[in-house]
Amino acid sequence: MEPRYAELTRTLIKDIATGVYPVGGSLPSEIDLASKYGVSRGTVRVALDRIQALGLISRRKRAGTRVEAAAPRSTEYGPTISTVEELVQYGADTRRVVHSVRGIVVDMALGARLGLPPGTRWTHIQTSRTNPLSPDYPLAWSHLYVPQEMGTRIRRALEDDQQALVCDLICQATGRVVKEIRQTVRAVGVPAALAQTFGTTTDAHALEFVRQYYDQSDTLFEVAVSLHPADRFSYTTVLQRQGSR
């Protein structure tokens with residue numbers, strides 16, 4: 001069944017295009033729209049968010065919602081993501097295992113690759129993700145780098161909660177807020193050291209994700225490097241039309 005917000009979005013776009021709500025005029029309030037179309041106010045709000053992203057309307061406090069165009073003005077498309085969990089893409093049915101935890105001093109090579117300051121001390125944690133229905137080989141292998149002082153606490157938390165994200169655990173403990181995540185994806189071969197673990201051949205196709213997490217002060221506080229064999233993972237990016245600026 002189509003979500004109610006999607007149905008309402010389509011209906012409002014059609015109403016704008018056909019002049020039910022003419023350009024230059026205003027849309028009814030969220031409460032009035034909810035009553036007219038028989039949906040909740042939350043559904044209206046989500047639909048308006050999507051219509052605004054198309055550049056069809058503008059919304060201002062105390063000024064209401066104004067119709068700006070009858071059709072999308074922009075032909076540019078960009079990626080969209082609503083939560084960190086969507087980016088990480090791990091299902092609730094996977095199981096995380098912590099394999100090792102050790103303190104390291106970042107050398108020049110590692111610093112250049114991950115953006116960590118050379119000479120600083122971090123905790124390196126190795127984990128894997130496995131589907132309990134197919135437990136023989138992991139879905140992914142990850143190298144996590146967190147500030148040294150957080151190492152012991154993060155390890156215990158990861159063992160207690162197999163679903164929690166490391167960035168969330170750090171934020172809960174320190175009051176940080178994730179402001180930005182920078183992600184790099186590249187095609188690589190499975191390294192010899194992990195081929196047997198994955199049940200693949202050395203240099204079998206894989207995707208490597210490097211994610212750098214920055215807080216509200218633009219400080220890098222976590223780096224995650226995840227390796228996914230190609231035969232058990234796909235990566236989908238949703239591109240949405242960008243609203244006029």
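Is Tyr 213 buried or exposed, and what is its relative accessible area? In this predicted model, Tyr 213 is buried, with a relative accessible area of 4%, where buried means under 20% relative accessible area, exposed over 50% and partly exposed in between, for a 1.4 Å probe and protein chains only. Residues are numbered from 1 along each chain as its sequence is written, and side-chain values use heavy atoms, with hydrogens and water left out. Because the model is predicted, local features need pLDDT of at least 70 and side-chain atom pairs count only at pLDDT 80 or more, whereas totals for chains, interfaces and linings use all residues.

Two aromatic pairs are found in the structure; rings of Phe, Tyr and Trp (its six-membered ring) pair if their centres lie within 6.5 Å, and planes under 30 degrees apart count as stacked, over 60 as edge-to-face and the rest as tilted. Phe 209 and Phe 233 make an edge-to-face pair, with 5.6 Å from centre to centre and 85° between the planes, and both Phe 209 and Phe 233 are buried. Tyr 213 forms a tilted pair with Phe 221, at 6.5 Å centre to centre and 55° between the planes, and Phe 221 is likewise buried, at 0% relative accessibility.

A further ring, that of Tyr 214, has the charged end of Arg 182 over it, 4.0 Å from the ring centre; a charge sits over a ring if NZ of Lys or CZ of Arg is within 6 Å of the ring centre and within 35 degrees of the ring normal.
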